[in-house]
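Hi,

Here is the structure I promised to pass on.

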Amino acid sequence: MTLPLEATGTAETYHQVERFYARQMQLLDDGAVDKWAGTFTEDGVFAANAYPEPVSGRASIASAARSAVAELARKKIVRRHWLGMLTVDPRPDGTIGTRCYALVISTPEGGPSSVQVSTVCEDVLVSEDGDYLVRERRVTRDDIR
Amino acid sequence: MTLPLEATGTAETYHQVERFYARQMQLLDDGAVDKWAGTFTEDGVFAANAYPEPVSGRASIASAARSAVAELARKKIVRRHWLGMLTVDPRPDGTIGTRCYALVISTPEGGPSSVQVSTVCEDVLVSEDGDYLVRERRVTRDDIR
Amino acid sequence: MTLPLEATGTAETYHQVERFYARQMQLLDDGAVDKWAGTFTEDGVFAANAYPEPVSGRASIASAARSAVAELARKKIVRRHWLGMLTVDPRPDGTIGTRCYALVISTPEGGPSSVQVSTVCEDVLVSEDGDYLVRERRVTRDDIR
């Protein structure tokens, strides 16, 4: 029972996006801030309803992440980003719109682990040099209305 | 190292099912009740160990979902359904049996988020007009024995 | 927008690994200890920062799992293993290195469910008789430093 509507190209794109995100989340949670920031375009924008204004540019995105990683290290908290329920929407202009859920699982030394925040993550991805990059990210925390 | 037992058709089916579920969960959590109910067959059945009896028919499934969405809105709770650990079993009659885990992540205004329930979801899917539809769903909550 | 770097063989391997893990987790959580242990090689090793030393050999791995399943039954706790953010690294020697996050969701009778532990799981997989087997597993709990 294979669905005729399913284009192979779209299926491949979907899975490449899934794998891109797995790598991207591992980089951030491992504290590999520069490599993680390298998954955004040079002019990438990271917006969130938890921020007063969007963070613009790879360097600023890296800087914000570095501060967050340093604070977690100081508090001895391990953070894990989980993405799921991903939908992928390739657009006529060659970009890819994505929407998924993202959880942050937080674990202090000695535990217990907990769901720190539940969010929706909406990206615009572009292809550069054979890999994806995030040009725009918008993260909406479920607890902030 | 590619496994000979893996039929391409089965792999495609698996991923189409994954993507079907991602869309289906987003629709429900966005409160798009009619579109969500449209992912069940007209005679679809939704059974759960939390219900006194199964809900039968797309209209009744939509109605039950509408009530739940309204109650969440009243309580200002955002709900996210996460599916994972999916196994897919295409059957000789053309239907597809699936089994997966499902979490409901619940977030009141101001937080904190928490795992509201952990469940196992077992579906019978059918193909109609180039898309999947749920003909039977059975949700078993882990807290109810 | 399909990435040229993406070899089809690698994509197939990735998805076969995903599905292997879904089956493997369901087996363990269903208490099918022997079938679960059968997803390790005869000389498989299960190491964890929560264990004083690695558990070696399929029989010992089965035995440890059997004890854990019995204890959960006694406490009337349902346990679900969730894997996510999987990266897959096929190696020149034919083995596959994997890294993913793993959550244990724990639910006592009557609830509530909670994230019992958050971990990172690193495996070395081998192919035998048309299926994957775990030759080495290393589980690192985020709460134990």
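Let me start where chain A meets chain B: across that interface there are 2 salt bridges. One of them pairs B:R80 with A:D142, and their closest N and O atoms lie 2.8 Å apart. Please keep in mind throughout that this is a predicted model.

Staying with A and B, 10 residue pairs are in polar contact there (both residues at pLDDT 80 or more). On chain A's side of this contact, α1 (8-29), β3, β4 (96-108) and β5 each bring at least two residues. The largest share comes from β3(A), with 6 residues. Sorted by class, the side of chain A that touches chain B has 17 nonpolar, 6 polar and 6 charged residues. Overall, the contact takes in 29 residues of chain A and 37 residues of chain B. The two chains bury about 2700 Å² between them, and 59% of that is on carbon and sulfur atoms.

Now for chains C and B. How are these two copies related? Chain C can be laid on chain B by a rotation of 120 degrees, with 0.0 Å of shift along the axis and an RMSD of 0.0 Å. The two are therefore related as by a three-fold rotation axis. They do use different surfaces to meet, though: 14% of the contact residues of chain C recur in chain B.

In that pairing, 37 residues of chain C touch 29 residues of chain B. About 2700 Å² is buried between chain C and chain B, with carbon and sulfur atoms making up 59% of it.

Which charged partners hold hands here? Among the 2 salt bridges counted between chain C and chain B is the one from B:R99 to C:D30, where the closest N and O atoms are 3.2 Å apart. There are also 11 residue pairs in polar contact between chain C and chain B (again with both at pLDDT 80 or more).

As for which parts of chain C face chain B, at least two residues each come from α1 (8-29), β3 (77-90), β4 (96-108), β5 (114-128) and β6 (131-141). Here α1(C) gives the largest share, with 13 residues.

Last, a look inside a single chain. Chain A has an open sheet of 6 strands, running in the order β2-β1-β6-β5-β4-β3 with mixed pairing. At its edges stand β2 (55-56) and β3 (77-90), each with a single partner strand, so one side of each has no neighbour in the sheet. In general, strands of a sheet pair through backbone hydrogen bonds, either parallel or antiparallel. In chain A, β5 (residues 114-128) and β6 (residues 131-141) run antiparallel and are joined by 10 bridges. To find your way along that pair, look for A:E122, which sits opposite A:R138 in β6(A).

Cheers

How values were computed
Residues numbered from 1 in each chain as written. Chains lettered and ligands numbered in written order. Predicted model: local features only at pLDDT ≥ 70, side-chain atom pairs only at ≥ 80, totals over all residues. Heavy atoms only, no water. Least-squares fit on C-alpha atoms with pLDDT ≥ 70 in both. Contact = heavy atoms within 4.5 Å. Buried area = accessible area lost by both parts, 1.4 Å probe. Salt bridge = Lys/Arg side-chain N within 4 Å of Asp/Glu carboxyl O. Polar contact = N/O pair within 3.5 Å; in protein donor to acceptor, adjacent residues only side chain to side chain. Helix = DSSP H or I, 4+ residues; strand = E, 2+ residues; numbered from the N terminus. Pairing = 2+ DSSP bridges. Nonpolar A, V, L, I, M, F, W, Y, C, P; charged D, E, K, R; others polar.
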